[in-house]
Amino acid sequence: MVGTFWSLVPPIVAIALALITKEVYSSLFIGILIGGAFFAFDAGSGFTGFFTHVFNEGMIKQLSDSWNVGILVFLVVLGIMVALMNNAGGSAAFGEWAKKHIKSKVGAQVATICLGILIFIDDYFNCLTVGSVMRPITKKYKVSREKLAYLIDATAAPVCIIAPISSWAAAVAGFVSEGENGLALFCKAIPFNFYAFFTIGMMFLLVFMQFEFGPMADYEESRADMLETDDKKVTARGTVFDLVFPIVSLIVLCTIGMIYTGGFFASGEDHKNFVDAFANSDASVGLVLGSFAALLLTIAVFLIRRVLSFKECMGCVPDGFKAMVPAILILTLAWTLKAMTDSLDAAKYVAGMVENSAQGLQNFLPAIIFVIAAFLAFATGTSWGTFGILIPICIAVFPAVDNPLRIISISACMAGAVAGDHCSPISDTTIMASAGAQCEHVNHVSTQLPYAITVATVSFLTYIVAGFTQSLGIVASGIISWLVGLALLVGGIVVAKKKFAKK
């Protein structure tokens, strides 16, 4: 079962059960148990080996991993920051300001998209911040939880994967093992990241055309499950400053924290410039350092301005932690499921499929890599893990730096990973988007899936065009591919609107 199609069965079963039963915790756990049983059967370790693998080598090991612990701490700190902003009245004050400037449902959604694009430093930070800020405004204009979750999710990973200064850029750069600058390679690949750009474009199309399809249309029309705001009493002293200051401090200090871990402030030979420091940063540690510094600074400012008392500030600590418990639980189970698939060598099985496809299919290779990256990210719930597997393979298949297929294939790998991550119910970014919008996780997945698949299909066809036009040069190939892709996306949405509008 190791290194074969059986290695993909646990995540597939977990995802299928989650979509069928609409209960994510038990579905993930069943997937974990199946993965542990497969591993124990293959190793001949019996019942004892099964339990040891699931809990000791799986769940406990994942929760003791320094990177994962850093992410969990970051989430808790973000939860506390959100509670502080809400209790200080910053969110309420922003809501009052928004009522004067945002006049419609379209305006509320556009504001959500724009805020999501502006917060490009990290997808977790994006999901939770945009959700907490925009929930009151989107509720006022009757935007469903599911639509808000989609807007958050579609401006998280897709924006981070085309932002040179982000934790995602740093992660991708770290997977480039050869001598060239990994961040420079990332920047070259940005124009061909069709899925990210088309996802952002589709959001604007749907909003301005005031059109929904699939399960999302039902939620938007019925509005039976409307967003709930926190009914706790908030101080009248809170202003928009009490929302803007924590967010700005988070962005600035998280950036400083990341370049600190990358050696920007080191002396002598260990010192690195800003770009290299960001490329070599430890995003997990950097985000913890930056967010914790922002938390202390925010508490100090609130105390000085007498917006909250010290007791009220400390009361936000357990509130923020409790708000993150569902997300932490799902993340823990998702990481454990990933550990089961890793132990079954699912990654090597998929990587072998990519390498075998390189023979005689070079023009189709970007599209093939896109599909395989999407499938791997969907099954494992991780974009970054997919980068680590497929980017070195793309570099090995196309060693020549000036080969257009090299850039296009690496872009296809990143785009496919984001597409799969976007569709997967066990993806941490998808989980965070649900938490940010306070939406039922399975509802978010089921409503987002048709939109993500639509953009993924357009991107797949665009990568076929890019593969066949690469002989014309990287610039010409990019222009032709973009024109074809945009035509397919806009044409598809227009046709879909005519079809579903009749119903």
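Analyst: Welcome! A residue is called buried when its relative accessible area is under 20%, exposed when it is over 50%, and partly exposed in between. With that in hand, we can look around this predicted model.

User: Are E212 and K147 buried or exposed?

Analyst: These two side chains meet in a salt bridge, with 2.4 Å from N to O. E212 sits in the loop between α12 and α13 while K147 sits in helix α8, so the pair ties together parts that are 65 residues apart in sequence. With the cut-off for burial at under 20% relative accessible area, E212 and K147 are both buried.

User: Which helix holds R305, the partner of D242?

Analyst: D242 and R305 form a salt bridge, with 2.4 Å between the closest N and O atoms. D242 is buried at 0% relative accessible area, whereas R305 is partly exposed at 34%. D242 lies in helix α14, and the pair ties together parts 63 residues apart in sequence because R305 lies in helix α16.

User: Which helix gives the most residues to the nonpolar patch?

Analyst: The nonpolar surface patch covers about 680 Å², and its members include V244, V248, Y260 and F265. Two helices, α14 (241–261) and α16 (283–305), each supply at least two of the patch residues. With 5 residues, the one that gives the most is α14.

User: What is the relative accessibility of V252?

Analyst: V252 is one of the residues that make the nonpolar surface patch. This valine is found in helix α14. V252 counts as partly exposed because its relative accessibility is 43%.

User: How far apart are the end C-alpha atoms of helix α6 (residues 105–118)?

Analyst: Helix α6 has 14 residues, and at 1.5 Å a residue they should span 20 Å. The model agrees with that expectation, because the end C-alpha atoms are apart by 20 Å.

User: What covers the buried residues of α6?

Analyst: Helix α6 has several buried residues, among them V106, A108, Q109 and V110. T112, I113, L115 and G116 of this helix are buried too. The cover over these buried residues includes α7, α8 (145–154), α9 (157–160) and α12 (194–209).

User: Which helices do the buried residues of α5 pack against?

Analyst: Helix α5 (residues 90–101) has 12 residues and reaches 17 Å from its first C-alpha to its last, close to the expected 16 Å. Its buried residues include G90, F94 and A98. The buried residues of α5 pack against α4 (66–87), α7 and α14.

User: How far does the backbone oxygen of M134 lie from a polar atom of the side chain of T138?

Analyst: T138 has its place in helix α7 (residues 123–140). Its relative accessible area is 0%, so T138 is buried. From a polar atom of the T138 side chain to the backbone oxygen of M134, the distance is 2.8 Å.

User: Is R306 buried or exposed?

Analyst: R306 is not a glycine, yet its phi is positive, near 60°. Its place is in the loop between α16 and α17 (310–343). Because its relative accessible area is 65%, R306 is exposed.

User: What is the relative accessible area of Q438?

Analyst: Q438 is not a glycine either, and it has a positive phi of about 55°. Q438 lies in the loop between α22 (428–437) and α23 (441–469). Q438 counts as partly exposed because its relative accessible area is 38%.

Notes:
Residues are numbered from 1 along each chain as its sequence is written. This is a predicted model: local features need pLDDT of at least 70, side-chain atom pairs count only at pLDDT 80 or more; totals for chains, interfaces and linings use all residues. Side-chain values use heavy atoms; hydrogens and water are left out. Patches are made of residues with over 30% relative accessible area and no salt bridge: like charges are joined within 9 Å, nonpolar side chains (Val, Leu, Ile, Met, Phe, Trp, Tyr) within 5 Å. Accessible areas come from the Shrake-Rupley method with a 1.4 Å probe; for residues, only the protein chains shown count as cover. A salt bridge is a side-chain nitrogen of Lys or Arg within 4 Å of a carboxyl oxygen of Asp or Glu. Helices (H or I, at least four residues) and strands (E, at least two) are DSSP runs, numbered from the N terminus. Buried means under 20% relative accessible area, exposed over 50%, partly exposed in between (1.4 Å probe, protein chains only). A polar contact is a pair of N or O atoms within 3.5 Å; within protein, one must be able to donate a hydrogen and the other to accept it, and residues adjacent in sequence count only if both atoms are side-chain atoms. The expected span of a helix is 1.5 Å times one less than its number of residues. Contact means heavy atoms within 4.5 Å.
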